[in-house]
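Morning, everyone. I have one structure to walk through today. Please have a look at it first.

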Amino acid sequence: MYVIAGLGNPGKQYEKTRHNMGFLALDYLAETEEIAVSRRRHHALMGEGEIGGERVMLVKPQTYMNDSGQALGEILHYYHLQPENLIVICDDMDLPAGAIRIRKKGGAGTHNGMKSVILHVGGEDFPRIRVGVGKSRPEEWKNFVLNRIGSEEEERLMTAARTAGDAAKAIVRLGVDIAMNRYNRRPAQEEGDGREE
């Protein structure tokens, strides 16, 4: 089974913020794959289904971004899964707005949510899909990621969230190497929607 986790902050005030790109991608996945992400367990909203014949669990941690790993660590432990069964989708200020990058494994960089995931799942060996939200000045980063997406950026970032959801499907169906080949070439807005059939 694959656990596909989108990182974000719960609550209406955080909807459609740059820090919630993981949640937005999960919402798209849940809708297109008809998986209800509504069961509350392990400090998360969860839903089970299938993608390409593979069993998947979609997860939205409800612990707020900086403690995202608490939920994911509990889930992997409960279901006796290894970190490589986890796919994490999150925002990234080091990528241009709308760009998508898949990595097989690696460190957290400056992302506190990813730091928490690595800590609680016990390693860095899991695929992650980074959704570029653009840069801010260092002293303004908190407001930048927590403010709602402006109308001029909304289409680009919502397209990127959908592309990230499609990239997660590609990892499940085709493997991470093929998914990286397909989605790491250019910023998402230049790729078209790249959707899986």
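One definition before we start: a residue is buried under 20% relative accessible area, exposed over 50%, and partly exposed in between. Tyr-78 comes out at 43%, so Tyr-78 is partly exposed. Keep in mind that this is a predicted model.

How confident is the predictor? The protein chain averages a pLDDT of 89. At least 70 is reached by 91% of the residues. Strand E1, residues 2-6, has the highest mean of the elements, at 98. Helix H7, residues 188-191, has the lowest, at 43. Over residues 188-197 the pLDDT is below 50. That stretch still has 28 contacts in the model beyond near neighbours in sequence.

Back to the tyrosines. How many aromatic pairs are there? The count is two. One joins Tyr-14 and Tyr-64, edge-to-face, with 6.2 Å centre to centre and 80° between the planes. Tyr-14 is in the loop between E1 and helix H1, and Tyr-64 is in the loop between strand E4 and helix H2. So this pair ties together parts that are 50 residues apart in sequence. Tyr-64 is partly exposed, at 42% relative accessibility.

Tyr-78 and Tyr-79 also form an edge-to-face pair. Here the centres are 4.9 Å apart and the planes are at 75°. The charged end of Lys-60 sits over Phe-23, 4.9 Å from the ring centre.

Next, Glu-48, in strand E3, residues 44-51. Is Glu-48 buried, exposed or partly exposed? Its relative accessible area is 35%, so Glu-48 is partly exposed. Which side chains does Glu-48 hold by polar contacts? Arg-39, at 3.1 Å, and Arg-55, at 2.9 Å. Its contacts beyond four places in sequence also include Met-1, Ile-35 and Tyr-79.

Now the inside. In soluble globular proteins, nonpolar side chains tend to be buried together. The largest nonpolar core here has 37 residues. Ile-4, Met-21, Leu-58, Ile-89, Ile-102 and Ile-129 touch the most other members. Helix H5, residues 151-174, gives the most to this core, with 10 residues. A second, separate core has 24 residues, including Met-46, Val-59, Ile-75 and Phe-126.

Look at Ile-4. Beyond four places in sequence, its contacts include Leu-26, Ile-51, Leu-58, Ile-89 and Val-172. Val-59, from the second core, is also in contact with Ile-4.

That's my tour. Questions, please.

Conventions:
Residues numbered from 1 in each chain as written. Heavy atoms only, no water. Core = buried A, V, L, I, M, F, W, Y, C linked by side-chain atoms within 4.5 Å. Buried < 20%, exposed > 50% of the residue type's maximum accessible area, 1.4 Å probe, protein only. Helix = DSSP H or I, 4+ residues; strand = E, 2+ residues; numbered from the N terminus. Contact = heavy atoms within 4.5 Å. pLDDT = per-residue confidence, 0-100. Polar contact = N/O pair within 3.5 Å; in protein donor to acceptor, adjacent residues only side chain to side chain. Phe/Tyr/Trp six-rings, centres within 6.5 Å; stacked < 30°, edge-to-face > 60°. Lys NZ or Arg CZ within 6 Å of the ring centre and 35° of its normal.
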